[in-house]
Each structure stands twice: as structure tokens, then as C-alpha cells.
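Subject: Structure handover and notes

Hello,

My notes on it come after.

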Amino acid sequence: MKSTLDVDLEAASRTANIGIVVLFGLFAAAGHFVSFYFHFFTVACFLLVLVNLYWRHFQTEHTLLANFGFLAQIRYLVESVGPEFRQYLFASDTEERPFNRVDRAQVYRKAKGIDSSSAFGTLLPYDQDEIKLRHSFYPADQNQLEPFDVVVGAARGLATAHHIKRPLMISAMSFGALGEHAVRALARGAALSGATMNTGEGGYPKHHLEEGCDLTFQLGTAKFGVRTEDGRLDDAKLAALAAHEQIKMVEIKFSQGAKPGKGGLLPKEKITEEIAELRGVPLGKDVISPSHHVECTDAASTVAFIGHVQEVCGLPTGIKFCLGRPDEFRELVREMKRQDIVPDFITVDGGEGGTGAAPKSFMDELGLPLFEALPLVQTILVEEGVRDRLKLFASGKLISAGKQLQAMSMGADAVYSARGFLLALGCIQALMCNRNSCPVGITTHEAHLQQGLDIEEKSQRVANYIKAIHHEHEELLAATGQHAARDLTPVNLYVPDQVRS
Amino acid sequence: MKNKALTFAAQGIAAAILFMASGMKFFGSADTVAIFQALGMEPAGRFLIAFIEMGAALLLISPFAASGAALAVSVMCGAIIAHCTQIGMVVDDDGGMHMLLLVAVFLASLYVLIARRKELPIIGGTL
């Protein structure tokens, strides 16, 4: 069947292509015989005719332009503004990804310290395929809860054992991925609220250290900040860094949720002279971290490397990964027992995680989701008898207290969030983190974009978010009838049969 | 690297001549007034073109050089039309100096426009 619309568009484009040539002639004549001002239009039409000729007869890249000429540009124009139109006008409050408006608004409200209660029922699909927390007939008295205190490194008897006082920590985002203002606002917010912040794998944490918060130094596969020229670990540099009073823990990153099995990527657009210096990399080239630590080629060498880092830094030292194969992880845990080297903590990053720039296929198709991976890791650790020798952290889209407590019911001792904190800083989910053009000045190094991100103002929002989340943790925990987060177990979870199966 | 240097040089040359030309139009030098009188655009057209030339020159030395080049090429096309149809090649016995500068700006801007066409807003990706 013939579509009327198709015929009209073809005819319209043909008419338009001829029309601009005719207009050019008419304007030229008017410019000559009536007023020279008409030549403004003559010139515009002339250039349009030239560009249109190129689109229709010389370029081969764009079929629509070759077939229809300049009117086809309308499609590209409309397509380019599509995301904004969808976000602001057409997408419903619960539709957007990765975080819908309801999710984001919840963080914004907490960060701004305004009432986050709502009315007239949930906006979420409250049906049978959602994991929920189970409340108790006998809620605990909120004033009787034990203060949150997770001690990392105590199992090894470390004098440097670190007390985590807030259940939510700032996840690994490097200076490089984030601009200076964002890093300092986060670090200052962490200091204000007593939370622990992960530095990310961006090398020497110069800006993190400026604000006085507790830090977990992340040792990435490229070992930025503590590397030798050939990319191996420089023990002396790590020891010197670990001696810094603010560095409380070291996290060896094996993989991350955004791109499990692939190294980090910092696009060249985001590499400033300062970043190049802090990381020890050249300017003007994408910085690609290796997909694995060169020292770690199997379970034995991996465990030996963990032990080596523990020994060199003298701090609680853990590992971070996005789970792929549980059998590999079980083998790794067994090797830990063989060598009697157990990391002080393990961070499980869900495959849904990801502030990092990553190839789309890695972002979409690899890595177990957090709520699949976390129970597997917990089970393996318990079955292998090492669970009491380490702490377990979870990360991956955990921006609400409810989801965080669900993770803690699955075994996590504390949780990480990265994007939750970006939202607290004012992220509008423009999805431009990899282009150095973040409109709210967070994932960019452009001074004119960062100037709008006031460090003092936004650090207060970060602190508000951390405190509000902690408060909500306590409310929810009391509702479950437990007195301490460590008492949460899968019994406190409702897992629908269809999810379980 | 060589091409980049050439592009920057072309931007500089075009911007310098445009600054000078727009300045002369703003201050109403005798020959520019004569030209715009001949075109029937004095004085509004002279100021309008001066503004556009100044804008093009500023854009040419900014990160938006592609847009500046497009603007400059457009203005020079208009100037070429004026010289070819109404004013003639020689203005005020200048031995064709006006025309020479015009062609210099046109060619330099055209070179910048072609070299930086991908940076043009909206249509850059399709050129």
C-alpha cells in the first residue's frame, strides 16, 4: 500500500531542492534591480545550493541527504535534540534510564535537605517482581540501635584498622573522570559527614587530600600514581602514599561494573597537564589501562600480589571486582586459604554499575548484576570459611537507602555509590560524562563549566545526602526489627518466586 | 601539523583584514561611504556589514573559527557581487587594492571553512 506521507516527503524534498535554485535567481535579480539588501538572501541561497549539491551528488556517507537533499537535515536536527525532549517533555517519571526522575528526585531532595516524603501511593510498579525489605511485627526502637561501625583490618590485628562510621561510602571516581571542583566538593562533603571516600584509579590523589577526609586509595591495573616506568607496582611510592594520614585503606581494582574484563579509559579530551603529571602519562592520547594487573595471571599470583600490597602499605587492603564466573572466584578464595592471605575487604561491583567511559557492549552485555553476584560471593565466602576474616562492600546503582539495606541483607557490611553522589552534586543525567562537556561541571575539566559548581555549596549537599541516607537506614533497620545492620540477613528480604527462579 | 599551522595563518590573515575593513566602515572612511552610497545602503548597510565583519573576525580567532569563516565567506560573496555588478574592480583609483584584499579574505576564509567544516554547528557532522 502506498503511504501518502512518503510521497509527500519525496515531492517536498524535490520541490525544495529546485526551490532554492529558483530563490537564488529571484533574490539575485531583486538584489540587482530593487535593492542590494536582497543580496543577503542571494548569498545565503547560493551557499545552501552549493552545500546541497555536495550532499546530493558528492558525499556517500549519508543516504538520506543523498536522496532527499537539505530537507533531510530536519531528521538529524530533530534526532539530535531527541534525548532532551524525551527527558523534559515526553518520558514519564518512572521511564528513564539509568535513573528515572523519581530516583533522581529522591537524591536531590536528600542533598538539598528538604522533605522527601510523598503522598498518594508509590509511583513504582509495586508488583510481584520487585525485591522488598520485610518489616517486623516488632520494630526496634530507633534510639536503641547500635551505632554503625564497621572495622576493616581488625581480623588481621592491624593497628591501622579503619572504622567506617557511615554505611554509604563514595565510590571510586578518579580525578580525571571528575573535574577538580567535583572531587573537592565530594571530598569536603565526606569530611563534613565522616564518610570514607574512594579515590578511584586516577593516580596521586592531590585534590582528594586537600579536603581532609578519610580515603581509600584505589590501585588500578595501570597503577597510576604508584607505577614504575614499565607499569609495574613501585613499592616505595605505594609505601610513601600509604604513610599519608588520610589514606586509610587500599583497594586493588581487578574489574569494574561499567566494563568488566577491560581496563579503564580516560578520553584524551579530558587529559589536562595536571592529570598527565599525576598519572605519569602523555598528553593528547586516550589513556587505556590494561585489562588486568601484570602481576596477576592466575589465582596463585593474584593472591600473592594481594599479600604483597598488604605488606608494603601496612593498611587494610581489599579487592574490587565485578563478578563473572563464580567458579573462578571460589578457586581464588581457596588459593587465599592455601596461602593464608585474605584481603581485608571485598567490593562487589554490579554489572549495572558505571560512571566510567566504556564501550557500549561492555556496559550492556558483561558482568553479573549486583543482586545476583552479591549472594553468590557471600555464599562462597561463608562456605569456604573466610567470611569472618573480611568485610564485604557492594556497589551498583545503590542510590537509595532501601536498595542499600537490601544489599546489606544479602551480605554487604557497607555500600558504595558513585552516581548517587553525582546526583547530589547536581548531575542532570545529561549522559555526557565521556565528552568533557558535562553541563553541570562535574565530569569536565573545562574551567567555564566548572565555575558553576560551587565547592562549598555542593559539599554541603554531599554531606546532607550521606547523613539523610544514614538516617533512613536507621529508620528502615528499626522497621525490620533489627538493632544493627550486621544483623540483617536474607530473612529480612522478600524475594519473589519469579526473581528467585 | 603543517595544515594546522596553515589554517591558523589563514585565520589570522582573514581576521586582520576584516578588523581593518570593519574599522574603516565604522569610522566612515571616504571610499567605504562612496561604495555604500553606490549600493544605496549608506549608512545603515555600512554599519550592518561592519558589525558582521567584526563578528566574523572575532569568531575567526576564537574556538568557533569555522562559524567565523562561514560568516566571512558569506560577506565576501556579497562583496564580490557588489564589485562585479555595481562598483567595478577599481575603487577610488586604488589600483584594485580593495578587490585584492577582498579576494585574500575570501580565499583565506574559504580555506579555513573547508579545513574546519566538521566543526560547523548543526551541519558539521555531515560535511
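The notes cover the conventions, the interface between the chains, and then the salt bridges.

This is a predicted model, in which local features need pLDDT of at least 70 and side-chain atom pairs count only at pLDDT 80 or more, while totals for chains, interfaces and linings use all residues. Residues are numbered from 1 along each chain as its sequence is written, chains are lettered from A and ligands numbered from 1 in the order in which they are written, and side-chain values use heavy atoms, with hydrogens and water left out.

Interface

On the chain B side, 21 residues are in contact with 18 residues of chain A (contact means heavy atoms within 4.5 Å). The area buried between chain B and chain A is about 1,500 Å², and carbon and sulfur atoms give 74% of that; buried area is the accessible area (1.4 Å probe) that two parts lose on being put together, summed over both. In chain B, the residues that lose the most area to chain A are B:Met41, B:Ile81 and B:Thr126, together 32% of what that side buries.

By class, the side of chain B that touches chain A has 13 nonpolar, eight polar and no charged residues. Here Ala, Val, Leu, Ile, Met, Phe, Trp, Tyr, Cys and Pro count as nonpolar, Asp, Glu, Lys and Arg as charged, and the others, Gly among them, as polar.

Salt bridges

Over all chains the count comes to 32 salt bridges. One of them joins the side chains of A:Arg334 and A:Glu384, at 3.1 Å from N to O. A:Arg334 lies in helix α12 (residues 326-339) of chain A and A:Glu384 in the loop between α14 (370-383) and β12 (391-395), so the pair ties together parts that are 50 residues apart in sequence. Helices (H or I, at least four residues) and strands (E, at least two) are DSSP runs, numbered from the N terminus. A:Arg334 is partly exposed at 38% relative accessibility, whereas A:Glu384 is buried at 10% (buried is under 20% relative accessible area, exposed over 50%, partly exposed in between; 1.4 Å probe, protein chains only).

Helix α12 of chain A also holds both A:Arg338 and A:Glu335, three residues apart, about one turn of the helix. Their salt bridge has its closest N and O atoms 3.0 Å apart. A:Arg338 is exposed at 56%, and A:Glu335 is buried at 10%.

Regards

Definitions and conventions: A salt bridge is a side-chain nitrogen of Lys or Arg within 4 Å of a carboxyl oxygen of Asp or Glu.
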